[in-house]
Amino acid sequence: MNITDNDAAWIRESLTKSGYFQLFAQGESDKFLNGLMKKSYTPGAKIIVEGDTNDFVYLVRSGEVRVEVHRQGKDIPVCVLGEGHLFGEIAVVERGHRIATVAAVTSVEVYLMFREDFRKVLDRNPALKVRLKELMDRRIKETEQVAAANDSFLGALKKRLFKSE
């Protein structure tokens, strides 16, 4: 589904509040908006699956999504993202596999952009690329910390449970 004028106004406002729109070169924001599509998900729907390749980056319009990683047979929650948050950018920029699963917690509407369109936007807007890299680095670090904390907890728990064996 293509975006409406109301969608475009919301996206401009949201990205202006986050500081991203100020990083666009003159005239680039309209090109960005033209590359977006709108999609809805029901609660529980998986939008991104860890390990998969997926060609889109997402901006949450409404609702909430849960980000989780799968470690040692368990799904470990990393965070919940809501209105105005971007996700899926790491695999798109790094041209890799998804590092986490993202599922709808509530009914969710997102705007999505195809990988190559998003990369073109970044290539034409170096300041935006730098800011996005900072966001990606922070998210990767947070994900690794959550996974490591869970691994440490499970290891300590196993030692306590099985120390008499």
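Analyst: Two strands count as paired if DSSP finds at least two bridges between them. The model discussed here is a predicted one.

User: What makes strand β4 and strand β5 a pair?

Analyst: β4 (residues 65–71) and β5 (residues 74–81) are joined by seven bridges. The cut-off is at least two bridges, so the two strands pair, and they do so in the antiparallel sense. One of the bridges has E68 and, in β5, P77 as partners.

User: What do β4 and β5 form, and which residue in the turn has a positive phi?

Analyst: They form a hairpin with two residues between the strands. In the turn, Q72 has a positive phi of about 50 degrees.

User: How do you know that β3 and β6 pair, and in which sense do they run?

Analyst: Two bridges join β3 to β6. The requirement is at least two, therefore the pair counts, and the strands run antiparallel. L59 has L86 in β6 as its bridge partner.

User: Why are β1 and β6 called edge strands?

Analyst: The open sheet has four strands in the order β1-β8-β3-β6, with antiparallel pairing. β1 (36–41) and β6 (86–87) each pair on one side only. As for what such pairing consists of, strands of a sheet pair through backbone hydrogen bonds.

User: Which helix lies across β3 and β8, and at what angle to β8?

Analyst: That is α4, which runs at about 70 degrees to β8.

User: Why is T101 called buried?

Analyst: Its relative accessibility is 8%. Buried means under 20%, so T101 counts as buried. T101 lies in strand β7 (residues 101–104).

User: What makes the approach of T101 to E50 a polar contact?

Analyst: The side chain of T101 reaches the backbone nitrogen of E50 at 3.0 Å. Beyond its neighbours within four places in sequence, T101 is in contact with residues including K46, I48, V49, E50 and R66.

User: Is P43 buried, partly exposed or exposed, and what makes it so?

Analyst: P43 has a relative accessible area of 49%. Exposed means over 50% and buried under 20%, with partly exposed in between, so P43 is partly exposed. P43 sits in the loop between β1 and β2 (46–48).

User: Where along the chain are the residues that P43 is in contact with, leaving aside its neighbours within four places in sequence?

Analyst: They are A104, V105, T106 and S107. P43 and S107 are 64 residues apart along the chain, while their C-alpha atoms are separated by 5.1 Å.

User: Which residues touch the most other members of the largest nonpolar core?

Analyst: The core has 20 residues, and I11, F32, L36, M113, F118 and L132 touch the most other members. The elements giving two or more residues to this core include α1 (5–18), α2 (28–34), β8 (108–114) and α5 (126–161). α1 gives the most, with four residues. Another core lies apart from this one, with 18 residues, among them V67, V78, L81 and A104.

User: How many helices and strands does the chain come to?

Analyst: The chain has five helices and eight strands, following the pattern α-α-β-β-β-β-β-β-α-β-β-α-α along the sequence. Buried residues are 41% of its 165 residues. Of the contacts between residues at least 6 apart in sequence, 75% join residues at least 24 apart. The accessible surface comes to about 9,400 Å², and carbon and sulfur atoms account for 52% of that surface.

Conventions
Residues are numbered from 1 along each chain as its sequence is written. This is a predicted model: local features need pLDDT of at least 70, side-chain atom pairs count only at pLDDT 80 or more; totals for chains, interfaces and linings use all residues. Side-chain values use heavy atoms; hydrogens and water are left out. A nonpolar core is a set of buried Ala, Val, Leu, Ile, Met, Phe, Trp, Tyr and Cys residues joined through side-chain atoms within 4.5 Å. Buried means under 20% relative accessible area, exposed over 50%, partly exposed in between (1.4 Å probe, protein chains only). Contact means heavy atoms within 4.5 Å. Axes are lines fitted to C-alpha atoms, for helices over the stretch in contact, and angles run from 0 to 180 degrees between N-to-C directions. A polar contact is a pair of N or O atoms within 3.5 Å; within protein, one must be able to donate a hydrogen and the other to accept it, and residues adjacent in sequence count only if both atoms are side-chain atoms. Accessible areas come from the Shrake-Rupley method with a 1.4 Å probe; for residues, only the protein chains shown count as cover.
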